[in-house]
Amino acid sequence: MSEVRVLVVDDDLDVRTSLAQLLCARGFSVDLASDGGEAIEVLEHSAPPSAIVADLRMPGIVGNELLEYVSSRDELADMPLAIVTGSPNLAPPGLRVFPKPIDFDALVAFLRAAVAR
């Protein structure tokens with residue numbers, strides 16, 4: 001089985017590191033970005049991750065702009081995306097949203113199912 005790598009994008013250091021620790025404990029490999037701009041840098045200079053977990057409200061390039069970037073790239077367009085946010089009403093339709101505080105077991109189940117497809 002190949003490595004499942006998740007890119008976690010959140011401007012809140014505590015959320016970002018907590019998600020990374022919890023996902024690593026569940027067997028995922030994790031890359032981190034503090035905002036959309038940093039996430040785009042990771043996506044442009046690394047192999048594509050298996051999935052992306054992103055906040056929407058961040059300074060700089062916000063989550064919705066990151067989602068537009070991902071959907072515009074052929075190699076990323078089918079990437080499983082999970083939105084973790086304190087503002088679920090801002091999420092674009094059709095994406096899986098996990099309101100903060102995050103139901104971590106549901107997020108892991110989503111990621112496992114999404115990357116298995």
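Predicted model: local features only at pLDDT ≥ 70, side-chain atom pairs only at ≥ 80, totals over all residues.
**Entry 1**

The cut-off I applied for buried is under 20% relative accessible area. What does the R5 side chain meet in a salt bridge? I found D31, with N to O at 2.6 Å. R5 sits in strand β1, residues 5–9, and D31 in strand β2, residues 29–33, so this pair ties together parts 26 residues apart in sequence. I then looked up D31 for accessibility. D31 is partly exposed, with a relative accessible area of 21%.

**Entry 2: D10 and K100**

Next I took D10. Buried or exposed? D10 is buried, with a relative accessible area of 0%. Its side chain meets that of K100 in a salt bridge, N to O 2.9 Å. I noted that this pair links distant parts of the chain, 90 residues apart. D10 is in the loop between β1 and α1 (13–25). K100 is in the loop between β5 (96–99) and α4 (104–116). K100 counts as partly exposed, at 27% relative accessibility.

**Entry 3: R26 and D105**

I moved on to R26, which forms a salt bridge with D105. The closest N and O atoms are 2.8 Å apart. R26 lies in the loop between α1 and β2, and D105 in helix α4, so the pair ties together parts 79 residues apart in sequence. R26 is partly exposed, with a relative accessible area of 34%.

**Entry 4: the cis peptide bond**

I stayed at K100 and checked the peptide bond. K100 and P101 are joined by a cis peptide bond, with omega about 0 degrees. P101 is found in the loop between β5 and α4.

**Entry 5: α2 against α3**

I turned to helix packing. Helix α2 covers residues 36–45 and helix α3 residues 63–72. Their axes are 9 Å apart, and the helices pack at an angle of about 20 degrees. That makes α2 roughly parallel to α3, because angles under 35 degrees count as roughly parallel. I logged the crossing of α2 past α3 as right-handed.

Which residues make the contact? From α2 I listed G36, A39, I40, L43 and E44. From α3 I listed L66, Y69 and V70. I sorted the residues of this contact of α2 with α3 by type: six nonpolar, one polar and one charged.

**Entry 6: α1 against α4**

The axes come within 11 Å and cross at roughly 60 degrees. The two helices are therefore oblique to each other. α1 passes α4 in a right-handed crossing.

What meets what here? In α1 I noted L19, L22 and L23, and these meet F104, L107, V108 and L111 in α4. The residues of the contact of α1 with α4 divide into seven nonpolar, no polar and no charged.

**Entry 7: G36**

I went back to G36, which lies in helix α2 and takes part in the contact with α3. At 0% relative accessibility, G36 counts as buried. What is G36 in contact with, leaving aside its neighbours within four places in sequence? I listed V9, M58, I61 and L66.

**Entry 8: P92**

Where does P92 lie? I placed it in the loop between β4 (81–85) and β5. P92 is partly exposed, with a relative accessible area of 27%. Not counting residues up to four places away in sequence, P92 touches N64 and L67. P92 and N64 are 28 residues apart in sequence. From C-alpha to C-alpha, I have P92 and N64 at 7.8 Å apart in space.

Note on methods
Residues numbered from 1 in each chain as written. Heavy atoms only, no water. Salt bridge = Lys/Arg side-chain N within 4 Å of Asp/Glu carboxyl O. Helix = DSSP H or I, 4+ residues; strand = E, 2+ residues; numbered from the N terminus. Buried < 20%, exposed > 50% of the residue type's maximum accessible area, 1.4 Å probe, protein only. Axes fitted to C-alpha atoms, helices over the stretch in contact; angles between N-to-C directions. Parallel < 35°, antiparallel > 145°, perpendicular 65-115°, else oblique. Left-handed = near helix turned anticlockwise from the far one by under 90°. Contact = heavy atoms within 4.5 Å. Nonpolar A, V, L, I, M, F, W, Y, C, P; charged D, E, K, R; others polar.
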